[in-house]
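User: I would like to learn how to read aromatic contacts. Please start with charges over rings, then move to ring pairs.

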Amino acid sequence: MKPIQESIGKKPMLGWVIFLVTLVVVFLLGLLASSIMERRAESVFAYTPQVKHDQWEPRNEVWGENFPREFQSYYKTADTTFRSKYNGSAMIDMLDVDPRLVVLWAGYGFSKEYNQGRGHYYAIDDVRNILRTGGPKDENDGPMPATCWTCKSPDVPRLMNEIGVAEFYKGKWAGKGAEIVNPIGCADCHDAETMNLRISRPALIEAFDRQGKDINKATHQEMRSLVCAQCHVEYYFDKKRVEGANYLTLPWDKGTSVEAMEEYYDEIEFSDWTHKLSKAPMLKAQHPGYEIYSKGIHADRGVSCADCHMPYKSEGGQKFTDHHIQSPLNNVANSCQVCHREETDKLIQNVYTRQDQIIGNRDKLEELLVRAHVEAAKAWELGAAEDEMKSVLMDIRHAQWRWDYAAASHGGSFHAPTEIGRVISTGIVRAQDARISLARIFAKYGFNEELAYPDIATKAKAQKFIGLDIDKLNQEKQEFLKTMVPEWEKKAKERENTYQVKM
């Protein structure tokens, strides 16, 4: 091989080529080095703690000192302007939209008030204001147990750490009002030292343990759904586990399908309430979002809750998780279109089509259930015996459980439309079975007339039909908000002034 000097001597242009190539390589290496140094500097700036606090710090503002981008995006959950075809971030009076719900929940707190939830920012305000929590006059008064606070605040794991899990589940809801004042936030999902995702609610860990699973072995991607599953699940209050406690429990021991959880509840003879009209032992689905999500195509392909509801975003050269937890329909570019190449309008229409198809059948099931409850009440009036009504009431229980499982899942018609469609169809079958049995009972007792469908065209008419005194409930609530809540906030402020935060 000839020396390079000799080659350049014979071909001067070769020297210029080598010089220019070397120049470009050096320039590119310089850019790479600069980028590395810049990103390293950004990393140090972004993750060097500005304040130090422990795991039980409940104030999101304190955590936000160290993670301002995440904190600022989280507080966008205060925005209530987005509306989709059916829901959104605004508060919607669902009993006003669909008065049949009042009859379906007759005798239960949801017949008093049921609103489309706003963002996590409003978790404390909304649970204080809802009529379901009543108008307690002191810490030992009111219709709801302390357990109803469990998913509302990072003050919950703090208080559980201080007094114990079982002790937290004891007492009335009003008894812990002064302790729980910060809305859902950082400490609910993150480790204070590493910022890794963590499970802060024991019910989910306990549910995994009973199934022989170790939640600590969950991958990071799985955790991006499991932190949501701490709250967005079906649950009930086990009053037998610890004396005096309404122990929050997930009914997953036999599985998470509608039939598996129904079997679990039937086996332990659990009911949330006895229906005021039909006397059926009812089940109230809470919000089985995780269970239904897990049966859909996105879960099957490894897509987490956070991928769609908290997608990544970039700001100032930094990539981070957008903590503006919201409907993907309000952020299609960062959620849906990361994987799907269709136009925005097309993707949104696909969602609405699935919702329309599911809701059409769900509405039919609601109508059948209203009729079944009213007809069962008539059967009791005619003198039907308990043994005659037992199978009827179980059919009503199972039909409404399926309806509620579909209705309360919030997004289930998109997360797993095939499964939701199946569940509703089996609910329709059971509701019709109940009505056929009731027709036979009517015939036995000599009633051969058409039972009129009740006039429940409005929420007010429906609540009057089931005997609710809404004016009285509203007066009690307003008195509570005027007298007890200010005291709660005063005590909370005094307590939080003692918290130690190092700068």
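Analyst: A charge sits over a ring if NZ of Lys or CZ of Arg is within 6 Å of the ring centre and within 35 degrees of the ring normal. Here, R241 lies over the face of Y247, 4.0 Å from the ring centre. K176 does the like with F168, at 5.8 Å from the ring centre.

User: What kind of model is this, and how are residues numbered?

Analyst: It is a predicted model: local features need pLDDT of at least 70, side-chain atom pairs count only at pLDDT 80 or more, and totals for chains, interfaces and linings use all residues. Numbering starts from 1 along each chain as its sequence is written, and side-chain values use heavy atoms, leaving out hydrogens and water.

User: How is a pair of aromatic rings described?

Analyst: By the distance of the centres and the angle of the planes. Rings of Phe, Tyr and Trp (its six-membered ring) pair if their centres lie within 6.5 Å; planes under 30 degrees apart are stacked, over 60 edge-to-face, the rest tilted. The count by this rule is 28 aromatic pairs.

User: Why is the pair of Y235 and F237 stacked?

Analyst: Their ring centres are 5.9 Å apart and their planes lie at 25°, so the pair counts as stacked. Now take F480 and W488: at 5.4 Å centre to centre and 70° between the planes, this pair is edge-to-face.

User: Is F480 buried or exposed?

Analyst: Buried means under 20% relative accessible area, exposed over 50%, partly exposed in between (1.4 Å probe, protein chains only). F480 has 1%, so it is buried. W488 is buried at 4%.

User: Which residues do ring pairs link into a cluster?

Analyst: W105, Y108, F110, Y114, W273 and W403.
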